[in-house]
Amino acid sequence: MTPEEQAQAAAELEAARVLFARPATFVMGAAKIEQLPDPDLPEVAFAGRSNVGKSSLINALVGMHKLARASNEPGRTREVNFFDLDGKMRLVDLPGYGWAKASKGEVKRFQNLGRDYLRGRVTLKRVYLLIDARHGLKSVDAEALDALDLAAVSYQIVLTKADKIKPGEARATAEATLKAVSKRAAAYPEVALTSAEKGDGIAELRAMIMRATGAEP
């Protein structure tokens with residue numbers, strides 16, 4: 001990078017830091033499509049298997065420990081949960097998938113809710129599909145990728161828990177993941193590598209979200 005490009009990148013990271021330092025609040029959990037808040041703010045949504053670290057990532061982005069509630073039981077993750085970032089944008093936590101404990105009927109209900117949101121949300125700017133860096137893409141993720149392609153919503157793969165493996169292994173998983181989704185039309189051509197626990201990649205992801213939404217500090 002040239003000095004000018006380095007300065008521009010640093011300025012963008014700082015602007016994103018200021019943006020995500022704004023107050024963030026839980027707005028609501030919608031159990032039915034009719035309950036969604038008015039589409040009056042740009043939104044980014046987070047999807048992924050249950051226990052992939054969606055709540056931890058959202059909390060890391062806004063610098064709060066308990067905004068999004070992590071749980072070992074599919075509680076609020078059966079709803080579409082909305083978090084407001086000081087009127088600048090909404091962060092949306094979609095129902096997790098891969099739950100063995102929930103009944104098939106219940107799983108179908110909250111997964112259909114997520115699909116309905118993806119298809120009909122005009123203010124949705126991008127979906128971030130979270131994948132555990134220790135495991136990479138699994139067969140259970142294929143249905144989510146297909147649903148995103150069908151909805152024609154721009155989405156980006158975010159690898160979580162990258163601190164749990166060696167840096168070389170994490171980079172290899174990122175490269176393999178990018179190659180696996182490269183022919184999917186709606187997939188953003190970059191894989192984000194993150195650790196909510198260590199903070200790795202969080203600043204860069206904030207900047208990506210800022211660009212995707214067009215939000216300003």
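Let's start at one end of the sheet: strand β6 (residues 155-160) runs parallel to β7, and two bridges join them. Strands here are DSSP runs (E, at least two residues), helices are H or I runs of at least four, and both are numbered from the N terminus. Two strands count as paired if DSSP finds at least two bridges between them.

Keep in mind that this is a predicted model, where local features need pLDDT of at least 70, side-chain atom pairs need 80 or more, and totals for chains, interfaces and linings use all residues. Residues are numbered from 1 along each chain as its sequence is written, and side-chain values use heavy atoms, leaving out hydrogens and water.

The whole sheet is open, with seven strands in mixed pairing, ordered β1-β3-β4-β2-β5-β6-β7. β1 (24-30) and β7 (192-193) each have a single partner strand, so one side of each lacks a neighbour in the sheet.

Now the helices. α2 packs on the sheet and touches β1, β2, β3, β4, β5 and β6, while α4 lies across β5 and β6. Contact means heavy atoms within 4.5 Å. Angles run from 0 to 180 degrees between N-to-C directions, with axes fitted to C-alpha atoms, for helices over the stretch in contact.

| Pair | Angle |
|---|---|
| α2 and β2 (43-48) | about 145° |
| α4 (residues 139-151) and β5 | about 170° |
| α2 (residues 54-62) and α6 (residues 202-213) | about 85° |

The axes of α2 and α6 are 10 Å apart. Leu-57, Ala-60 and Leu-61 of α2 meet Ile-202, Leu-205, Arg-206 and Ile-209 of α6.
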